[in-house]
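Subject: Structure for you to look at

Hello,

Please find the structure below. My notes come after it.

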Amino acid sequence: MEKRMYNIGPLLTLGLCCSIGLSLLSCKGDEKKEMIEEPVSMRTEATESFAGDMPAIDSDRLYSDFSATSNFENWDTDKDNLLNENEYADAFFNTWDTDNDKMLNQNEWEAASGDFGFRNNADWEWAAWDANKDDAISKKEFSARLSETNTFEGWDKNKDNMLDEREYTEGLIVMWNDADDDGTLDETEYTEKFKRYYDNNEKQYLPERG
Ligand SMILES: [Ca+2]
Ligand SMILES: [Ca+2]
Ligand SMILES: [Ca+2]
Ligand SMILES: [Ca+2]
């Protein structure tokens, strides 16, 4: 009795090992199968979402982010909750003056004019805006030239010669979308631009006119 059980023991163990081994193998087989199939389904998903309607970064999104900052309130120096053309020019200048030295150098100009959609635009050439040729664009030079571009008029949808915060963000998002090379302002590009130009923690507004 005792001997027979002793003999069966190793057989049971062997059987158990085999069945564990087999199930491991079959599990591995399943894993392999899934790994082969997964990229196909991922590729399908990616293609679908790319081809489908990705939620564009629209003026509602920008308005929501922008109105959470104090930029507009800071620019609105006469506190009527609107930007007149002077306040608008100051705001634009300060936005582009990313190092806050109250002058635009050529690097700031090339970066910002590109980001806002004016790369290779004859109306926005550095040399023309730097009227006194001192290799910097002052706020005065900027304001004078900006008024000739009719940008303010273009953003002023209801033609009251004022921009409210909604008009400001609607004008801005059109510029940013037009500026993008592939015509789609994606989340990363949007976040980078917003942080560079409108993040209060990164920038400090200096309202004096130059
Ligand atoms: Ca105002
Ligand atoms: Ca500067
Ligand atoms: Ca100058
Ligand atoms: Ca208006």
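Predicted model: local features only at pLDDT ≥ 70, side-chain atom pairs only at ≥ 80, totals over all residues.

Residues are numbered from 1 along each chain as its sequence is written, and chains are lettered from A and ligands numbered from 1 in the order in which they are written.

The protein chain has 10 helices and 0 strands (DSSP runs numbered from the N terminus: H or I of at least four residues for helices, E of at least two for strands). Of its 210 residues, 18% count as buried, meaning that 20 or more other C-beta atoms, placed from the backbone, lie within 10 Å of the residue's own.

Helix H4 covers residues 85-96 and reaches 17 Å from first C-alpha to last, close to the 16 Å expected (1.5 Å times one less than its number of residues). Its buried residues include Ala89, Phe92 and Phe93. Helices H3, H7 and H8 are among what covers the buried residues of H4.

The axes of H4 and H7 (lines fitted to C-alpha atoms over the stretch in contact, with angles from 0 to 180 degrees between N-to-C directions) come within 10 Å and cross at roughly 120°. In the contact (C-beta atoms within 7 Å), H4 contributes Glu85, Ala89, Asp90, Phe92 and Phe93, and H7 contributes Lys139, Phe142, Ser143, Leu146 and Ser147.

Regards

Note on methods
Buried ≥ 20, exposed ≤ 12 C-beta atoms within 10 Å, placed from the backbone. Contact = placed C-beta atoms within 7 Å.
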